Amino acid sequence: MKTRSLSFVLALLMGAAPALPQFVDTPEKRDARLQWWRDARFGMFIHWGLYAVPAGEWKGQPIAGIGEWIMNRAKIPVGEYEQLAKQFNPVKFNAEEWVKVAAAAGQKYITITSKHHDGFAMYKSQVSKFNIVDATPFHRDPMAELAAACKRHGIKLCFYYSQAQDWNDPNGAGNSWAYPDENKKDFAKYFNEKVKPQVREILTQYGPIGMIWFDTPMKITKEQSTDLANFVHSIQPACLVSGRVGHDVGDYSNMGDNQIPARVLDYDWETPVTLNDTWGFKKDDHNWKSTQTLIRQLTDVVAKNGNYLLNVGPTAEGVIPQPSVDRLLEVGKWMKVNSEAVYGAKPSPFVYEFEWGAITTKPGKLYLHVIDWPKGEFVLNGLKSKVKTARLLTQPGAALKIAQTADANKNIYSLRIQVPANAPDKDVSVIVLDIDGKPDVVKTLQQQSNGTVVLSPMFAQEDAGRKFNIDPRGVTTRWMTPEGKLTWNFDVAKGGAFDVVLVTTETRVAKGGDSMEGGHVVKISVAGNELTGRIENGERVLNARNPRWKDMRTTAGRVKLSGPGSASLSLQPQQIGAKNGLGLTLRAVELVPAK
C-alpha cells in the first residue's frame, strides 16, 4: 500500500479529497464491466464485524433477529457497543484458507463487509478511528490480506459498504435510540465527509475491486446515488455498483434478502442468500440449508438470469463455521462435474419455473438440472425445437433415447427421454440437450412432467381492478380487500381428475408476530366448475425451492380437465382476513393429479 501524503490524508478527513475527472457512463461501458460477473454466476458473501463478538446475545439475553443487527435490535448505546472492539481479536483469521474455501466451492468472487450498519470499518481507515486496525488488539488489516489471497487464486474481491445506515455516526441513518432527533442530523455532511472518503479508501488501497455492494439507501436522494455510482466509476471504471446504491442507478438489480423470483427476468440481477437464517455469526443459529437446496437455488437463479451470492458469517475468532465450510465443499464437488451448465450460462427459454428443477442454456444446448429424478422416463412439455441428441453431462459419449411428439393445433409439444433408473447425482443431475438453432418454446404455461399445473400470480392476466401487489417471488402482498382477481390460461397435455391446491406462504412478520394469516374465502372457476376454498392459518410445510419461507397448502376441491388442449382458471376472493396487516399471501394455485 502506498504511503499517502499528509495533505492527502487531511483532505480525506475534511471530505475534500483531490477532485476526479467527471465520469460519463454509457451502455457500452456498463456492458463491458458486467461481463466477468455474468460469467461468474456464483459468489461468496461474508458478513464479519464486531457483531460476531456478542454472537446474538446481549447481557446474557438472546436477541431476536439477524446477528449483525444486534446493536439495533437490543438498542445498545453507542459507547457500550464501541467497547466490543477491545474484545475483537480474530487471531484464527487466515485469508488464504477463506479464499481456498470459496475457490473449492466454485465461487468466482467474494463480497465482504468493509463497513456494515454499525459503522465499524473492517480495514485501516484514515477517516474514522473506529476500525479494526486502530480500535482492536488485532491491529491487522484483513482486507489487505484478503486482497492478496484473492489475487493469488484468481478470485474477484468486492466490498460491501453501508452508505446510509451508520448507527455509530450522529449524522448517519438508522439509529433512533441514541440519535432520535432527525432534525439535528446532517446527512449531507455524513455522505460527503465519511461515505465518499471511505469509499475512496477501499477503492484505492486494495488494487482492482470487482464491485462495491451498497445497501439500504434509506435517506439517499437520487442525486446522491448517482453521484456515488459515478464516484466509484471515476476511481475504478471497471468496478461494478450494486443495485442497492438506490434509485435504479446501479449496474444491476438486487433481489430482497433470500428472494428468488418466480420467473426468468430479462435484466441482470443478483440475490443474496444465507446458509442458515442469519448473515453475521449467531451462535444459536443451526438451521443450515442442505447441499441439495443450495445447488437447487444456484441453478434456479442462473436459469432465471441471475447471480447467486451465498453468505458465510465468520466467528469473532475469524473462523468460518464448519457447517458452512462442509456445505460449500459439497457444492464445489458438484460444480467440478457440472460447472459447464453454470459458468457463463444463459437463462431458460421458458419464462416460468419447473417443479422438477431448472434449465440453463448455451448456444445449441439446453441443460436440464433435474432434482426429482424420474423412474425410467423424463418428460419435458413445451419444447418446439428439434432435439438432435440427449445425454448425461457426466457421460457425454452415451446418447439417451428420445422421442418428440407435436400437436400444433392444440399447442402441445412433448419430449420424452429414456433415463437410467438411478440418478447420476444424489442432489441434482444434469441432462444435456443438443438442439438445432435457438430454443423455440411454447409461451403459455404448460402442464409439467409430473402432471401438475402450477399457476403463479406472476403469470396471471392483468386485472384493472387489482389493489394488491405481486412481489418478485410471485407472492400476492397487500391483498387486504376482495377487489381484484387472478386469471390464468394454460395448456393441458394429459387430462384427468385434479385436486385444486391453494398455496399461501410466509411474508414479513405481522403486527401479531406471525408471518402469515388466514380467514380467507376464495372462489375458483375452472373447466366449468366453481369451487369455494377456505384458507385458515394452519400447519406450515417446507418450501423445497426456498426454505426461507414456509408454505401452507389448502385443498379447495377436485375438478376434471380434458386434454390435450387449453384451459383457464380464475380466482376471486370473497373474504380476506387482514387483521394483522398481511392479507392474502398467495404463492400459487396448483392442479395436482388426483390419486
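Is C239 buried or exposed? Select C239 to start the tour: at 0% relative accessibility, this cysteine counts as buried (buried means under 20% relative accessible area, exposed over 50%, partly exposed in between, with a 1.4 Å probe and protein chains only).

Before moving on, a word about what is on your screen. This is a predicted model, in which local features need pLDDT of at least 70, side-chain atom pairs count only at pLDDT 80 or more, and totals for chains, interfaces and linings use all residues. Residues are numbered from 1 along each chain as its sequence is written, and side-chain values use heavy atoms, with hydrogens and water left out.

**Stop 1: the cysteines**

A search of the whole structure finds zero disulfides (a disulfide is a pair of cysteine sulfur atoms within 2.5 Å). C239 is in no disulfide, and its nearest cysteine sulfur, that of C158, lies 7.2 Å away. Now select C150: its nearest cysteine sulfur is also that of C158, at 8.5 Å. C150 counts as buried, at 2% relative accessibility.

**Stop 2: colour by confidence**

Colour the chain by pLDDT (the predictor's confidence in each residue, from 0 to 100). The chain averages 94, and 96% of the residues score at least 70. Helix α1 (residues 6-13) has the lowest mean among the elements, 43, while strand β1 (residues 42-46) has the highest, 99. Helices (H or I, at least four residues) and strands (E, at least two) are DSSP runs, numbered from the N terminus. Over residues 1-16 the pLDDT is below 50, and beyond near neighbours in sequence this stretch has 21 contacts in the model (contact means heavy atoms within 4.5 Å).

**Stop 3: charged pairs**

How many salt bridges does a search of the whole structure find? There are 36, each a side-chain nitrogen of Lys or Arg within 4 Å of a carboxyl oxygen of Asp or Glu.

Select D251 and R33, whose side chains meet in a salt bridge at 2.6 Å, N to O. The two are 218 residues apart: D251 sits in the loop between β7 (240-241) and β8 (253-254), and R33 in helix α2 (residues 27-40). D251 is buried at 2%, and R33 is buried at 4%.

Next, pick R553 and E590, a salt bridge of 2.7 Å, N to O. This pair joins strand β27 to strand β29 (residues 586-593), 37 residues apart. Here R553 is partly exposed, at 42%, whereas E590 is buried, at 5%.

Finish by selecting R30, D31, R38 and D268 together: a network of salt bridges links them.
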